[in-house]
Amino acid sequence: MIPLGYFIGLSVLLFVLGVAAFFIKRDLMTMFMAVEVMLNAANLAFVALAKSAGSPAGQVIVFFVITVAAAEAAVGLAIILLVFRQKKSIKAEEMRLMKG
Amino acid sequence: MGVFLFFLLAVLCVGGVLGFILSRNQAHSALFLVLAFTCLGGLFGLLDAPFIAAVQIIIYAGAIMVLFIFVIMMINLEQGIAPERKRWTLGLSAVLAVFLLVELALAVRGTLGTLGRTGGETIGSPTELGRLLFTDYLYPFEITSILIVAALVGAIVLVKKEGKE
């Protein structure tokens, strides 16, 4: 059988890659996709731990996370579309309306 | 066999995320992410979670990423975005990522010994999950459906063009 550590290690690696992508990328769209990568890394850890604990509760939580991610994607993409309509750009650097 | 499959899927998954980071074109980034999420679905299958694997591939790699690609097509930027952010932010984010990796690895290493292995009987059959969703997790399930409806209406209201009768 595959050791649990492999899955947790992959989950940690994916999460860190997601965080790095969030800071490296410069447009709102890919930054938003980086958040999805982080969510998926957490999902992998949930499923692996559910398997090692022998309880399906972790998989139910992953189901809820996926549903909430779908809602989040819908609203987030609507906001990005709105920003693009007003500013003709989705670069993160140009969103400085609230900068002091 | 299982270990071989794990490494194949893990390498494809990490490669997809790396391609997502390195690609300059947003549409290519999104397609790399579809690859990564599909491989993640395969990993869920390896972990005895067939229902979650199907949901991952249908909803994440299918619906959500297609939504992203639709919006990318609507926004239709010119080929990528020129690299104009200062170099030190790139270095800083790399340092942050390394620190986070070390920190998480240290945190996981301490607890992993007590967690056991991924063996044993099947736990994630769709029947079992469906029973749990409609008994123990009924309230979260209903609240999530209300959340989905609210997000749907909110997205429509946000994007709707004003001033048209």
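Student: Let me start with the rule: a charge sits over a ring if NZ of Lys or CZ of Arg is within 6 Å of the ring centre and within 35 degrees of the ring normal. Which ring does the charged end of Lys88(A) sit over?

Tutor: Keep in mind that this is a predicted model. In it, the charged end of Lys88(A) sits over the ring of Phe84(A), at 5.9 Å from the ring centre. That value is within the 6 Å limit.

Student: And what about Lys25(A), which ring is under its charged end?

Tutor: That one is Phe20(B), so you have to look across to the other chain. The charged end of Lys25(A) is 5.8 Å from the centre of the Phe20(B) ring.

Student: Let's stay with rings. How many aromatic pairs are there over all chains?

Tutor: Searching the whole structure gives ten. One of them is Phe7(A) with Phe6(B), an edge-to-face pair. Their centres are 4.7 Å apart, and the planes make an angle of 70°.

Student: Why does that count as edge-to-face?

Tutor: Because planes over 60 degrees apart are classed as edge-to-face, and this pair has 70° between the planes.

Student: Are they buried or exposed?

Tutor: Both Phe7(A) and Phe6(B) are buried.

Student: Which residues form a cluster through ring pairs?

Tutor: The cluster contains Tyr6(A), Phe7(A), Phe6(B) and Phe7(B), linked by ring pairs.

Student: New topic: cysteines. How many disulfides over all chains?

Tutor: The count is zero. Take Cys13(B): the closest cysteine sulfur belongs to Cys39(B) and lies 5.9 Å away, which is too far for a bond. The cut-off here is 2.5 Å between the sulfur atoms.

Student: Are those two cysteines buried or exposed?

Tutor: Cys13(B) is buried, at 1% relative accessibility. Cys39(B) is buried as well, with a relative accessible area of 6%.

Student: Which residue of chain B has a positive phi although it is not a glycine?

Tutor: Asp48(B) does, with a phi of about 65°. You'll find Asp48(B) in the loop between α2 (26-46) and α3 of chain B. With a relative accessible area of 23%, Asp48(B) is partly exposed.

Student: And Ala49(B), where is that?

Tutor: Ala49(B) is in the loop between α2 and α3 of chain B. At 0% relative accessibility, Ala49(B) counts as buried. Its C-alpha atom and that of Leu31(B), 18 residues apart along the chain, are separated by 25 Å.

Student: Over to chain A, then. Is Ile2(A) buried or exposed?

Tutor: Ile2(A) is buried, at a relative accessible area of 6%, and is found in the segment before α1 of chain A. From Ile2(A) to Phe15(A) there are 13 residues in sequence and 21 Å in space, C-alpha to C-alpha.

Student: How about Met98(A), buried or exposed?

Tutor: Met98(A) is exposed, with a relative accessible area of 83%. Its place is in the segment after α3 of chain A. Between the C-alpha atoms of Met98(A) and Glu36(A), which are 62 residues apart along the chain, the distance is 25 Å.

Student: Last one: the second largest pocket. How much space lies in it?

Tutor: About 240 Å³. The second largest pocket is lined by 15 residues, and those nearest its centre are Ala70(A), Ala71(A), Ala74(A), Leu67(B) and Leu152(B).

Student: Which helices supply the lining?

Tutor: At least two residues each come from α3 (57-87) of chain A and from α3 (50-75) and α6 (138-159) of chain B. The most comes from α3(A), with six residues.

Student: And what's the lining like by class?

Tutor: The lining of the second largest pocket has 14 nonpolar residues, one polar and no charged ones.

Conventions: Residues are numbered from 1 along each chain as its sequence is written. Chains are lettered from A and ligands numbered from 1 in the order in which they are written. This is a predicted model: local features need pLDDT of at least 70, side-chain atom pairs count only at pLDDT 80 or more; totals for chains, interfaces and linings use all residues. Side-chain values use heavy atoms; hydrogens and water are left out. On a 1 Å grid over the protein atoms alone, a cavity is a set of points where a 1.4 Å probe fits but cannot get out, and a pocket is an open set with protein on both sides within 12 Å along at least five of seven lines; lining residues have an atom within 4 Å of a point. Grid points are joined across faces, edges and corners, and a volume is the space filled by probe spheres set on the points. Helices (H or I, at least four residues) and strands (E, at least two) are DSSP runs, numbered from the N terminus. Ala, Val, Leu, Ile, Met, Phe, Trp, Tyr, Cys and Pro count as nonpolar, Asp, Glu, Lys and Arg as charged, and the others, Gly among them, as polar. Rings of Phe, Tyr and Trp (its six-membered ring) pair if their centres lie within 6.5 Å; planes under 30 degrees apart count as stacked, over 60 as edge-to-face and the rest as tilted. Buried means under 20% relative accessible area, exposed over 50%, partly exposed in between (1.4 Å probe, protein chains only).
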